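Please keep the view open as you read.

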Amino acid sequence: MTAHAEQTTPLAVQATPPTRQAAPGTVTNRVGFVLGLADDALVAAQRLAQWCTHGPEMEEDIALSNIALDQLGAARLLLTYAGEMEGAGRDEDALAYQRDDREFRNCLLVELPNGDFAVTMAKLLFLAAYQVPLYTALAGCGDERLAAIGAKARKESAYHLDHASLWVRRLGDGTDESHRRMQAAVDEVWPYTHELLAPDPTAPVDPATLRVDFDSAVSGVLAEATLTVPETSWTPDGGRNGVHTEHLSYLLAELQVLHRAHPGASW
Amino acid sequence: MYGNDFPADDTSGGLLGEVEAAETALREAAERGRRGAAGVNPAAYFAEVIAADQKVEPRDWMPEAYRATLIRQIAQHAHSEIIGMQPEGNWITRAPSLRRKAILLAKVQDEAGHGLYLYAAAETLGVSRDELVDLLLAGRQKYSSIFNYPTLSWADMGTIGWLVDGAAIVNQVPLCRCSYGPYARAMIRICKEESFHQRQGYEILHTLAHGTPAQREMAQDSVNRWWYPSLAMFGPPDTDSTHSAQSMDWKIKRFSNDELRQRFVDMCVGQAEVLGLALPDPALCWNEERGAYDFTQPDYGELMQVIKGAGPCNRQRMEHRRRAHREGAWVRAAAAAYAAKQANQKEQANQKEKAA
């Protein structure tokens with residue numbers, strides 16, 4: 001879908017002994033970057049899983065569960081890798097269940113409540129339009145593990161993008177009510193896309209380089225769906241630094257409640 | 001991944017082998033082909049097909065009562081899959097590890113798939129899925145009463161897999177030989193997946209039973225709550241079962257409620273021992289003469305109450321489904337409107353092409 005962003009400095013850095021300074025692409029940076037992607041996927045999976053048995057039709061219950069499973073699968077691979085890079089003995093469950101909301105690195109977009117089906121599809125469209133070029137770029141990066149994860153996940157994300165695009169077109173160009181709801185959803189969610197593409201030149205893939213692909217995927221769908229992008233200068237962010245919306249803590253409370261009630265137990 | 005102190009790979013007590021055998025029989029029957037044709041006496045031909053253990057297919061003549069019985073049974077089965085997503089769906093967001101979360105999500109997704117598959121089987125009998133869903137939502141068709149019990153702990157995910165899916169398999173394996181072809185074929189596929197579900201439930205309980213004291217207690221409490229409702233899944237005792245005799249003649253049903261219940265109990269006792277969990281029945285003991293376990297019957301009065309709508313979760317389950325259906329109405333309407341627009345545009349484009 002996109003030319004591989006060949007910004008593979010991290011591999012070279014990996015071989016050099018740790019330095020005190022957080023130079024571009026240090027292991028610490030990379031752990032943070034991978035945790036960000038992992039948390040995006042984990043939190044998105046949790047939100048999508050909340051739809052299970054609530055979908056507007058039975059086929060959609062299956063589809064949303066499927067997408068949740070894909071996101072969860074990517075989250076597990078990424079969390080495991082982040083834990084290994086960190087070297088503190090934390091596995092996927094330690095990272096998913098034992099961190100507090102201030103330690104999560106996901107973007108705000110994925111933690112927003114599901115809202116109605118239009119809001120969920122707007123969130124999925126924007127997330128997938130970001131993840132497709134991101135994973136594609138990762139698939140070509142010099143870090144073998146990330147490349148392998150990217151190669152697997154980009155195929156799944158392409159399907160998510162396809163699914164969300166179809167629904168956004170159906171809802172945008174369906175009935176008056178669905179158009180109104182879909183436009184309201186785009187208006188509500190759009191400002192949160194800013195954070196997805198915020199520049200980070202030290203990352204294995206600088207999100208700013210994904211802008212062209214993101215815009216072309218999204219603008220085509222919105223135009224066909226007879227929808228418009230709101231004009232706003234409001235660009236909420238903070239997720240990548242652990243400063244979240246009020247929603248994340250509740251989401252994590254639910255996700256972590258049982259695991260935390262039984263310290264040290266295996267499941 | 002699994003402990004090595006499991007009784008066997010197949011925790012369904014050899015039932016998976018019966019599914020395989022049913023599949024082979026189905027194939028052989030198809031290769032043999034049916035003798036003769038419906039001709040002037042379709043009723044006689046129908047009886048011949050049943051007697052020869054051949055399959056009745058959608059376009060064949062069949063007695064209206066046979067059709068009605070199948071629609072009722074397949075629809076009830078489909079509804080059970082759809083409603084049955086709720087008690088387990090209740091724990092997806094709180095699953096205690098990411099691996100368990102993924103497995104549970106996939107399992108609930110399988111159930112939605114089974115539901116759709118069964119609705120499709122019912123549709124071959126000349127009824128639409130929408131009609132059947134409306135009957136469910138109007139409370140005019142039932143689903144399995146077991147799903148009207150609440151899932152109060154994570155261990156219930158294990159117990160539902162082990163006991164509830166286990167009972168379902170015992171019930172459903174004979175249906176793989178059902179005389180109606182589409183239902184028999186659907187059941188073969190579904191039983192294979194159910195057997196996997198049962199195994200994962202068993203594994204959850206095994207892990208809990210060998211875990212911390214609190215986990216062990218959680219597991220035992222769960223088995224205590226689900227044992228008798230699981231026994232009740234086989235329906236009322238044979239003396240009170242209204243649909244059984246005719247269904248047996250038609251080879252829709254192959255074993256009586258009590259036979260299947262006994263088979264289930266006999267299967268569970270050894271597995272409970274391996275789990276190290278007690279079945280909550282002090283009267284449970286081996287009867288040498290019968291070659292089977294004696295056990296306490298479930299409370300059929302309670303079963304009738306739950307069937308009538310007075311179980312702990314009947315109202316909640318129905319309201320949940322009605323709400324999802326109601327809140328999704330605008331989405332379905334949009335999809336229909338969009339499809340109509342697309343078809344219209346295509347039509348206009350075609351006409352333009354013709355004109356040019």
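Does B:R99 count as buried, partly exposed or exposed? At 22% relative accessibility, B:R99 counts as partly exposed; buried means under 20% relative accessible area, exposed over 50%, and partly exposed in between (1.4 Å probe, protein chains only).

A word on the basis of what follows: this is a predicted model, in which local features need pLDDT of at least 70 and side-chain atom pairs count only at pLDDT 80 or more, while totals for chains, interfaces and linings use all residues. Residues are numbered from 1 along each chain as its sequence is written, chains are lettered from A and ligands numbered from 1 in the order in which they are written, and side-chain values use heavy atoms, leaving out hydrogens and water.

**Salt bridges**

Over all chains, the structure holds 30 salt bridges (a side-chain nitrogen of Lys or Arg within 4 Å of a carboxyl oxygen of Asp or Glu). Here are some of them.

| Pair | Closest N to O |
|---|---|
| B:K107 and B:E88 | 2.3 Å |
| B:R99 and B:E203 | 3.4 Å |

B:E203 is buried at 6% relative accessibility. B:R99 lies in helix α5 of chain B and B:E203 in helix α8 (residues 181-209), 104 residues apart. Helices are DSSP runs (H or I, at least four residues), numbered from the N terminus. B:D221 and B:R225 sit four residues apart in helix α9 (residues 213-232) of chain B, so about one helical turn separates them. B:D221 is partly exposed at 37%, and B:R225 is partly exposed at 25%. Salt bridges with shared partners join B:E88, B:K107, B:E111 and B:D165 into one network.

**Where the chains meet**

In all, 47 residues of chain A are in contact with 46 residues of chain B, contact meaning heavy atoms within 4.5 Å. A:T53, A:M58 and A:W267 supply 20% of the area that chain A buries against chain B, more than any other three residues. Buried area is the accessible area (1.4 Å probe) that two parts lose on being put together, summed over both; for chains A and B this is about 4,100 Å², 68% of it on carbon and sulfur atoms. Two salt bridges are counted between these chains. Leaving aside its neighbours within four places in sequence, B:W154 has contacts that include A:L258, A:W267 and B:W91.

How values were computed
Helices (H or I, at least four residues) and strands (E, at least two) are DSSP runs, numbered from the N terminus.
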